[in-house]
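Subject: Handover of a structure, with notes

Dear colleague,

I am passing on the structure below, together with an account of what was found in it. Please read the notes with the coordinates open beside you.

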Amino acid sequence: MERVSLSDSNATEAADGVSLALLAGSDSMNVQHFEIDPGATVEEHSHPHEQTGFIYEGELTFRVDGEEIVCGPGDSYAIPGEQPHAATNRGDDPVRGVDIFSPPRENPSWQD
């Protein structure tokens, strides 16, 4: 069994105002904590990984297929692999949550 505490993980700034921290993982999936500051955007991107997530603080507006979907505390979501998507924090508070990726994904950097 692997145990990883959020307080022991090193967050990476993947984009301005977007922090990601890898948590526990296995050969087939991993968990990643995210924090997205007010006004910050994760630009449209896609990846081969299936992505499911859960938001426990704040509200995040996803854009998928031209549709906007708002997720808030207690909401979960699933994004198929290769599905282009983006997300923006339009609120006044940080958005905090966790994503699970299958297969496992490393912390990306969208700043390049």
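How many helices and how many strands are there in the protein chain? There are zero helices and 10 strands, where helices (H or I, at least four residues) and strands (E, at least two) are DSSP runs numbered from the N terminus. Please keep in mind that this is a predicted model, in which local features need pLDDT of at least 70 and side-chain atom pairs count only at pLDDT 80 or more, while totals for chains, interfaces and linings use all residues. Residues are numbered from 1 along each chain as its sequence is written, and side-chain values use heavy atoms, with hydrogens and water left out.

Overall form

Along the sequence the pattern of the protein chain reads β-β-β-β-β-β-β-β-β-β. Its radius of gyration is 13 Å, close to the 13 Å that the globule rule gives for 112 residues, so the chain is as compact as a globular protein of that length; the radius is taken over C-alpha atoms, and the rule is 2.2 Å times the number of residues to the power 0.38. The C-alpha atoms fill a box of roughly 40 × 30 × 30 Å along the principal axes. The accessible surface comes to about 6400 Å², with 47% of this belonging to carbon and sulfur atoms, and such areas come from the Shrake-Rupley method with a 1.4 Å probe, where for residues only the protein chains shown count as cover. Of the 112 residues, 38% are buried (buried means under 20% relative accessible area, exposed over 50%, partly exposed in between, with a 1.4 Å probe and protein chains only). Among contacts (heavy atoms within 4.5 Å) between residues at least 6 apart in sequence, 62% join residues at least 24 apart.

The core

The largest nonpolar core has 17 residues, and those with the most contacts inside it are Val18, Phe34, Ile36, Ile55, Leu60, Phe62 and Tyr77; such a core is a set of buried Ala, Val, Leu, Ile, Met, Phe, Trp, Tyr and Cys residues joined through side-chain atoms within 4.5 Å. Two or more residues of this core come from each of β1 (12-15), β2 (18-25), β3 (30-36), β6 (60-64) and β8 (76-79), and β6 gives the most, with three residues. In soluble globular proteins, nonpolar side chains tend to be buried together.

Leaving aside residues up to four places away in sequence, Phe62 touches Glu67, Glu68, Ile69, Cys71, Tyr77, Ile79, Ala86 and Ala87. Thr61, which lies in strand β6, is buried with a relative accessible area of 6%, and its contacts, under the same exclusion of residues up to four places away, are Glu68, Ile69, Val70, Ala86, Ala87, Thr88 and Arg90.

Strand pairing

Two strands are taken to pair if DSSP finds at least two bridges between them. An open sheet is formed by four strands in the order β4-β9-β6-β7, with antiparallel pairing. At its edges stand β4 (41-45) and β7 (67-71), each with a single partner strand, so one side of each is left without a neighbour in the sheet. Within this sheet β6 and β9 (residues 85-88) pair over three bridges in the antiparallel sense, and Arg63 stands opposite Ala86 in β9.

Elsewhere, β2 and β3 run antiparallel and are joined by six bridges, with Val18 opposite Ile36 in β3; a hairpin of four residues connects the two strands. β3 also pairs in the antiparallel sense with β10 (residues 95-102), over seven bridges, and here His33 stands opposite Val98. β3 is mostly covered, as five of its seven residues are buried.

Strand β5 (residues 50-57) pairs with β8 in the antiparallel sense over four bridges, and Gly53 has Tyr77 in β8 as its bridge partner. Tyr77 and Ile79 make up the covered face of β8, whereas Ser76 and Ala78 make up the uncovered one.

Asn10 is found in the segment before β1 and is exposed, with a relative accessible area of 67%. Not counting residues up to four places away in sequence, Asn10 touches Leu20, Ala21 and Asn107. Asn10 and Glu82 are 72 residues apart in sequence and 27 Å apart in space, C-alpha to C-alpha.

With best regards
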